Amino acid sequence: MIFSSDNWAGAHPTISAALADAAAGQDPAYGSGDWDRRVADRFNEIFEREVAVYFAATGTAANALSMSACNRVGGAAFCHSEAHMTVDEFGALGFYTGGARTWPVAGALGRIDPQALDAAIVRFEHDLAPAGQPMAVTITQATEVGTVYALDEIATIADVCRRHRLPFHMDGARFANALVALDTTPADMTWRRGIDILSFGGTKNGCWMADAVVVFDLDLARDLGKLRHRAGQNFSKSRFIAAQFDAYLSDDVWLSSARHANAMASRLATMLGQSNRIRLAWEPQANEVFGIMQTALREELSSRGARFHAWGKPASFDGMIGDDETLCRFVTSFATSDDDIESFRKLLLASGS
């Protein structure tokens, strides 16, 4: 009954096997080997165009490197006020860029409001001009609260970016979950909607440790190799990340894993909604489910082995959470099983007895 995070899940067996294969023999280092070239070609294939790919150890590193590619003196990256980049990455953006920072923008349930974004940029360019320069806009797909930007919503934000001549970044730590939720293609969810640079996550969806910066506007890739090297993300044995992506992107492993995680989240949400003990805070769209329960119930479920997290109330959430209640997050993964959900259902039924 582990619903704490998809980061808690292990590795997909196919990816483990690929790592074992990569461990044998020798291959040129620092991204020049056969594994690396094969994966570069694979990224070109799935995005239906030439892209530049730079491996990173973590999503935080991928985000910070992406922002480094967009950096300006006194730079400000506009993001949702509750985005991972601004509340969970311990100032990595500023560290990697030498002083840039995030600039929070409001929006309902994890998604930037385009009008609020435009107003923030305009104000920054005029009233706040001495504070620095706008350098990029970034969205999280899927968001921190399990919602997903529709394709037209991405395009609308891209219009704002183009109007202000700002690069448009997507934090895709749960990229595959959003992709299958929208039933679209990688190209249609990214560069065809105006995305210039992407943090492509594999770790949450079955990889051991594999994230990457994927660049569509190749001008932004000009110095990324140097920036990655300076940041300590230029791996000598990069074939061990390439091997993960090779297996991940082959035979639709990444898509089937995400579909399974999303389906488990949907089943979990249905079960919670029917329990009369927990009410859904909002409808899940990917693999994160948010429910409201009595704090005493949360403590009891946790004491009996269920693992999930209490969560802060989003600023835009207008539902009621009582003084004796807690908003909680449940996350499913490729490894979540029907048995996990059934065990939690039985525990919920037995609670309070």
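Which residue forms a salt bridge with aspartate 34? The partner is arginine 37, and the closest N and O atoms of the two are 2.4 Å apart. A salt bridge here is a side-chain nitrogen of Lys or Arg within 4 Å of a carboxyl oxygen of Asp or Glu.

Before going further, keep in mind that this is a predicted model: local features need pLDDT of at least 70, side-chain atom pairs count only at pLDDT 80 or more, and totals for chains, interfaces and linings use all residues. Residues are numbered from 1 along each chain as its sequence is written, and side-chain values use heavy atoms, with hydrogens and water left out.

**Salt bridges**

The structure holds 15 salt bridges. Side chains of opposite charge can pair when their charged atoms come close.

Aspartate 34 and arginine 37 are separated by about one helical turn, because they sit 3 residues apart in helix α2. Helices (H or I, at least four residues) and strands (E, at least two) are DSSP runs, numbered from the N terminus. Aspartate 34 is partly exposed, at 44% relative accessible area, and arginine 37 is partly exposed at 45%. As for the wording, buried means under 20% relative accessible area, exposed over 50%, and partly exposed in between (1.4 Å probe, protein chains only).

Glutamate 342 and arginine 345 are also 3 residues apart, about one turn of helix α14 (residues 338–350). Glutamate 342 is partly exposed at 24%, and so is arginine 345, at 31%.

The arginine 192 and glutamate 48 pair links distant parts of the chain, 144 residues apart. Arginine 192 is in the loop between α9 (186–189) and β6 (197–201), while glutamate 48 is in the loop between α2 and β1. Arginine 192 has a relative accessible area of 38% and glutamate 48 one of 42%.

**Strand β1**

Which strand do 5 bridges join to β1? That is β7 (residues 211–215), and the two run antiparallel. Two strands count as paired if DSSP finds at least two bridges between them. Alanine 56 has aspartate 211 as its bridge partner in β7.

**Pockets**

A pocket, on a 1 Å grid over the protein atoms alone, is an open set of points where a 1.4 Å probe fits, with protein on both sides within 12 Å along at least five of seven lines; lining residues have an atom within 4 Å of a point. The largest pocket has a volume of about 320 Å³, the volume being the space filled by probe spheres set on grid points joined across faces, edges and corners. Its lining has 21 residues, with Asn7, Gly59, His84, Ala173 and Lys204 nearest the centre. Helix α3 (residues 59–70) gives the largest share of that lining, 3 residues.

The second largest pocket holds about 210 Å³ of space. Of its 13 lining residues, Gly31, Asp36, Val53, Phe55 and Arg228 are the closest to its centre. Both α2 (34–47) and β1 give two or more residues to this lining, and α2 has the largest share, with 4 residues.
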